[in-house]
Amino acid sequence: MKRKIRPLLRCVIFLLILSLFLTAATWVVIPKRNAKADGMHNARAYGYLAEKENTIDIAIIGDSETYASFSPMELWKNYGYTGFICGTSAQHLEDTYGTLKQFCEYQTPKLVILEANAMFRSSGLYSDIERVFFREIEKAMPLFEYHDRWKRLSPQDFTGRVEYDCIDPLKGFYPTYYSKEWKGGHDYMKKTDKVRPIQSVNLYYFDKIVEFCRERKIPLLVTSAPAPVNWNYQKHNAIKRLTDKYGLPYLDMNFSSKEMDIDWSHDSRDGGDHMNVYGALKVTSFLGKYLDEKYDLPDHRSDKKYANWERDLKDYQDILNRGMKKQTSKK
Amino acid sequence: MSYQAPLFLLLFFPLTLLAYQLVPQKHRWKILLGASYAFFWSISGKLLLFLLLSTFSIHHFGLWLDSIRSDADAVIRAAEKPQRKALKEARKHKMRGVLALGILLQIGTLLCLKYANFFGANVNLIFRGLGMAEVIPTFQWMLPIGISFYTMQAVSYLTDVYRGTVNADRSLGRLALYMSFFPQLMEGPICRYSQTAEALFSGTPIRYESLTRGLQRMLYGLFKKMVIADRLNIFVNNIFNDYHEQGGIVILLGMVAYTCQLYMDFSGIMDMVMGMGEIFGVKMPENFRRPFFSKSISEFWTRWHITLGAWFRDYIYYPLSLSGPLKKTTSACRKRLGNHFGPLVAGTMALFCVWFCNGLWHGAAWSYLFFGMYHFFFIMLANLTEPLTRKVLDALHIRRDKGWYRIFRILRTCCLVCVGELFFRANGLKAGLSMFRKMVTDFSIPAPQDLALGLDRYDLLILVVAVLIVLMISILQEHGIPLRKKLAAVPVPLRWSIYYAALMAVILFGAYGIGYVPVEPMYAGF
């Protein structure tokens, strides 16, 4: 018996010491500020960490369509809604879910908007499982995500002091000022009964997002931003079927590009894949009207607690004006 | 799923180990078989069917060969002495036919899946050249993972049954496991049935010693693969994909870096494979023996991808050079050309076939054929000039295996191997030739910032230190120092410190995650 227990004990001790090393290394390499320069991955999406706790009412989650299509500061300017975009480029749904969970640790949103493009991002069942597994490990032990940060460690990293102080006046929005024409016009949603399949890993995480919101009694709105390159009627059918199954509202803006007055020769940055700033302003205006009509979200503009949002609005407008002017002078 | 993937290392492999250890010994092979098929499915999905067909086919043909032999043996024993020779001849003839059919099925599948488009494209090229329409369509066939490896195992099994060196296996399960054992499925080593089948089937329990030794070797492999090879990948890709923009010196560096990457990747994965085998009590043949200490190209191929070289030797070179026509050629040439050059004629013919197949085995492209012919040329050249070299060295009193001449030979072999790898990695033969031309004609000194090519100074530091560690270990091994035995003898605190250092090095300095492209084991694509 002793002969069997001793090796087992050795293994346990070895693993315990290893976990101590891993914890210590994680503590050192994890970014201490929410800025790209400090090594935080997707820092723009983590800008909410620098906001006051429980001040953001709308969480916008999804992939690059979110930060290209919606500008939370426009919602603030016109309706007094506080929103933040937590979308990242080519995001997978497990990350969308993870981001939402993290967001809700700091904030208590009154509405979650899920942009649905990420629902169709899959590299096949097996690769999805493999990726999700690694993401879970990264979440449990951020050392695996930030292992490469040893290259830029500063003395602060050894003190463990965390300062999430990089306020983003754009609130997660990523404006681009150049244009590339989409030549297909407004009629790209060709009616069909076909339904694009959604990979089971994505269905699983969609279910988790819905459950999460229900548990916290947060309304969930599913949207599809106008993107003729990415979107079609088959995808619309798939999301419609899914949202009907869960009893969720679904706003597919691809049917409303005419109504929004989107000029496809000017309002897309990459030929219909994403909006540029001009398109985003139109899409956000449309979304604002919809939210105003359907939801009872608070207007914080006269609330002193939100005075910093007015300051951020000025910065936001300066950034946009500078960008637009620069682009015009280039032409 | 590849061997360095977290899902494999942290879930699949530990679960397999656990299941293996928990079930009774006689059922353990079933766990290994199930895990192997799950592993195959995770990479190739429905293409598992090809592996199954291959396994069924060799099982059937093995038994067929065996039954012909036993039936014929009974008849021969009962026959009169004068008739026995004719009966033996008839048995041999029949068995040869069955063997040929069995091999044809294996090689035919490989040829169809891997080479059809290459041959088709070249035939179409000829037709186009003659002003005729293209006749062969392009096929969109997927290649099952490891087909080049398991096909060779299948052929070796059938040939060994034919030769009588192994008995045909009646157990389909055992044969299936021999064909699919998951650690060796992706990149080999190419095992013979007699080397692994029994150990795989025996269900040797996992002992603390085998576990720690196996994990130790896996860790070393992981270090080579993730810290060195995958980091070099960025640098190598930038040079080879954009060689038009690079000067000769940068291409030279790219060539050396790729050779290093390929070695660290392939030998690193092999270390992991051997480690996994060791845990299950399966001793597989080594595939590497510090190849960059070779003094000639021939020796290099007895140290690099050893099991492939051994396969070509046993199943192509020897059968060809010992065949009737080549034997006759040898005796005829020996009379005319003497004892050295005489046998070389037939030997060279067999060698040509070996290198033609070796090149083609690596891939269906002219660059791979060139790679094979390149090595054939230098081996042939060394054979032809051997008497002259010996005379010159004797006259100058130079000993080939000692001192500076030995170092010169090692460096010369390294240079030749590196140039071969340049063509091997280049995006086509044309690109390879163009890169080689640039390397020997363009000596413009690059600016230091042009040399980085995706690597920063920290990456370079890690690379230098890691390569030096591997080099030191290799030198000690080359001098016959049993490092693993020595490591096992050091006190636990020191030994564990080494393990922790290696583990943390892989985790912290490994080229994975954001900012890196995942690199699948390189030989898995061949």
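Colleague: Where does B:P189 lie?

Modeller: This is a predicted model: local features need pLDDT of at least 70, side-chain atom pairs count only at pLDDT 80 or more, and totals for chains, interfaces and linings use all residues. Residues are numbered from 1 along each chain as its sequence is written, while chains are lettered from A and ligands numbered from 1 in the order in which they are written. A cis peptide bond joins B:G188 and B:P189, with omega about 10 degrees. Helices are DSSP runs of H or I of at least four residues, strands are E runs of at least two, and both are numbered from the N terminus; B:P189 lies in the loop between α7 and α8 of chain B.

Colleague: How many helices and strands are there in chain B?

Modeller: The C-alpha trace of chain B spans about 80 × 65 × 60 Å along its principal axes. Its secondary structure count is 20 helices and zero strands.

Colleague: What is the radius of gyration of chain B?

Modeller: The radius is taken over C-alpha atoms, and the globule rule is 2.2 Å times the number of residues to the power 0.38. For 526 residues, a compact globule would have a value near 24 Å. Chain B agrees with this, at 25 Å.

Colleague: Is B:H305 buried or exposed?

Modeller: B:H305 sits in the loop between α11 (297-300) and α12 (306-321) of chain B. Its phi is near 45 degrees, a positive value in a residue other than glycine. A residue is buried if 20 or more other C-beta atoms lie within 10 Å of its own, exposed if 12 or fewer, and partly exposed in between, with C-beta atoms placed from the backbone. B:H305 has 25 C-beta neighbours inside 10 Å, so it counts as buried.

Colleague: Which residues does B:L158 touch, not counting residues up to four places away in sequence?

Modeller: Two residues are in contact if their C-beta atoms, placed from the backbone, lie within 7 Å. B:L158 is among the residues with the most contacts inside the largest core. Its partners are B:I58, B:F61, B:G62, B:L99, B:G102 and B:I103.

Colleague: Which helix gives the largest share of the side of domain 1 of chain B that touches domain 2 of chain B?

Modeller: Domain bounds come from an automatic or database domain assignment, which for chain B gives domain 1 (26-203), domain 2 (209-295 + 426-526) and domain 3 (296-399). The contact takes 14 residues from domain 1 of chain B and 17 residues from domain 2 of chain B. On the domain 1 side, α7 (182-185) and α8 (193-202) of chain B each supply at least two residues. The largest share, four residues, comes from α8(B).

Colleague: Which helix gives the most to the side of chain B that touches chain A?

Modeller: In this interface, 17 residues of chain B are in contact with 18 residues of chain A. Both α1 (6-22) and α20 (492-509) of chain B supply at least two residues each to the chain B side. With six residues, the one that gives the most is α20(B).

Colleague: What is the bridge partner of A:L114 in β4(A)?

Modeller: Two strands pair if DSSP finds at least two bridges between them. Strand β3 (residues 111-115) of chain A has five of its five residues buried. It runs parallel to β1 (residues 58-61) of chain A, with four bridges. It also pairs in the parallel sense with β4 (residues 220-224) of chain A over four bridges, where the partner of A:L114 is A:V222.

Colleague: Which residues of β3(A) are buried on each side?

Modeller: Both faces of the strand are covered. One side holds A:L111, A:I113 and A:E115; the other holds A:V112 and A:L114.

Colleague: What does A:N42 count as, given its C-beta neighbours?

Modeller: A:N42 lies in the loop between α1 (2-29) and β1 of chain A. Its phi is near 50 degrees, a positive value in a residue other than glycine. There are 15 C-beta neighbours inside 10 Å, so A:N42 counts as partly exposed.

Notes: A nonpolar core is a set of buried Ala, Val, Leu, Ile, Met, Phe, Trp, Tyr and Cys residues joined through C-beta atoms within 7 Å.
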